Amino acid sequence: MKAKLKYTLGLLLSISLISGCDQGFDDININKVDPTSLAPSLILNKAIISTTYLDGVSTLGMLCYNFGIVQQIITPYGSSLSGGNYNQFNNSNTPLVWVNFYRNVVKQLVAVTDQTKDDPLQANTYHSARIWKAYAFMILTDTYGDIPYFEAGQGYISEVIRPKYDPQEAIYKDILKELEEASGALDASVAPVTTDILYGGNVARWKKLGYSLMLRAAMRLTKVDPTTAKTYVTKAMTGGLFESNADNSIIRHTAIYNNYIANHLAAREKTNFYLAAPFVNYLKENNDPRLPIMAVRYVGAKGGPEQTPSRASSDPKVQIGMPMGYNDVSINSVLAQNGVVSLWDFTQVNLTTVLKLDAPEFHVTYAQSQLLLAEAAFRGWITGDAAAYFAKGVRAHLEQMALYDASATIPEATIAAYLAAHPLDKGKELDQINTQYWVASFLDGNELFANFRRSGFPALKKNPYPGSEITEDFIRRMPYPDSEIIVNLQNVNDANARQGPNDLNTRVWWDKK
């Protein structure tokens, strides 16, 4: 009997101990610092950051194509660096915008809009995401033409793993619609989303960004649909555009979170990229006060190790841009006539101002918007004086230099003198406006490439490199990646049937001859 009692008591004690150990077991095994979900506002922040030059690889794609095509930054080297410098197809760099945007930006933005569309408390996050989504898709479609748009980013949400490609015309019409609806729906009476990385939840500035993007999108259509372009330019003005540089859409950097173009050109590519002669010559010939801010030359350098601070000069008189059309061997045949001792002696981007490690990166600016208004006024689409808009746009970019570094501030007297010497001349309006847009968009490779194709200005000469693989004077688009051809072949073929061959010569819809 005693043995049975001991057994019973032991069993009860064991059960008690087991039960006691099990209490709180679920709580103990939850990692309280590893989130299983993120607030949509934080995912939107990630999408905004991912839209910029996110890493060294994406930066290399911009350096090798966009900057070389518009003849602002060039390299004489081939292999992994070939692209716009040689007018050649480089399968390593042409897909980089596509890969980053679809794997990161689009996926994140579609997730945000899906999570917030039916939540009134997150309405401003929803509409802000729609605005940024329009911006992201503008970059994608401007780069590649017809792309997955309406079904894009639906893999996790609707299991659409082979999205159809939509015509660029339909994409732009929806982008304009989205910008109009989202900008108008933003509500300043709702508590601000203070974690917003772009404007700190300032709804008024998000509205101005939406309408300024609408202006940009509308002006893309000048050659193919001027009626729609005029309609939406007017709507953008009515809605309210950027009013100063304080409204600019900017990603700010620090000593820890670096500007990736700056990081790239200060490190592994330091001796490989140079300011192109057409850009340097334009600034020199016009006594442009931005030249010493944007440029530096290591005078007399005969190799990378000689590009030292003691040789560095930003004096406009000594700047010599690298001529177009040469590789690292043939460039040696024109050193003497250019007044340099080696290829390392040409002018480069200034790493102490516009490309210091914590330099900001601009997406949409007041300067760009004013210059677009100048063109719209010249075309008679809006009221106002084109020359006045032009002067405001140029002034804004001159003043924008101070946002890179206090040492880059251009004195008011210098600004006034430059504006007085460069008014908008009758008969040269489109050339002057879009050439200044070229300068004002420096380091924004996507916008440089797009507006150059749209406007045809500046009036650059064809890159004379003898190994060119294009039949057009300039590269018109990036081809679709091989990854798309492998996994989404039918939809790629449908796009090619509408748009033209999958190569560097095919023009996107709005890039009409």
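**Exercise 1.** In this predicted model, the side chains of glutamate 447 and arginine 216 meet in a salt bridge, 3.3 Å from N to O. Work out which helices hold the two residues and what the pair ties together.

*Solution.* 
- Start with the cut-off: a Lys or Arg side-chain nitrogen has to sit within 4 Å of a carboxyl oxygen of Asp or Glu. The N to O distance here is 3.3 Å.
- Now place the partners. Glutamate 447 belongs to helix 20 (residues 445-455), while arginine 216 belongs to helix 10 (residues 203-219), so the contact ties together parts 231 residues apart in sequence.

**Exercise 2.** Find where arginine 220 lies, given that its side chain meets that of glutamate 447 in a salt bridge, and decide whether the two residues are buried or exposed.

*Solution.* 
- The N to O distance for arginine 220 and glutamate 447 is 2.7 Å.
- This pair links distant parts of the chain: arginine 220 is in the loop between helix 10 and helix 11 (226-239), and glutamate 447 is in helix 20, 227 residues away.
- For burial, the limit is under 20% relative accessible area. Arginine 220 comes in at 2%, so call it buried. Glutamate 447 has 3%, so it's buried too.

**Exercise 3.** Classify the exposure of arginine 311 and glutamate 306, whose side chains meet in a salt bridge (3.3 Å, N to O).

*Solution.* 
- Arginine 311 has 30% relative accessibility, so it counts as partly exposed.
- Glutamate 306, at 29%, is also partly exposed.

**Exercise 4.** Say how many salt bridges a search of the whole structure finds.

*Solution.* 
- The search turns up 30 salt bridges.

Technical notes
Residues numbered from 1 in each chain as written. Predicted model: local features only at pLDDT ≥ 70, side-chain atom pairs only at ≥ 80, totals over all residues. Heavy atoms only, no water. Helix = DSSP H or I, 4+ residues; strand = E, 2+ residues; numbered from the N terminus. Buried < 20%, exposed > 50% of the residue type's maximum accessible area, 1.4 Å probe, protein only.
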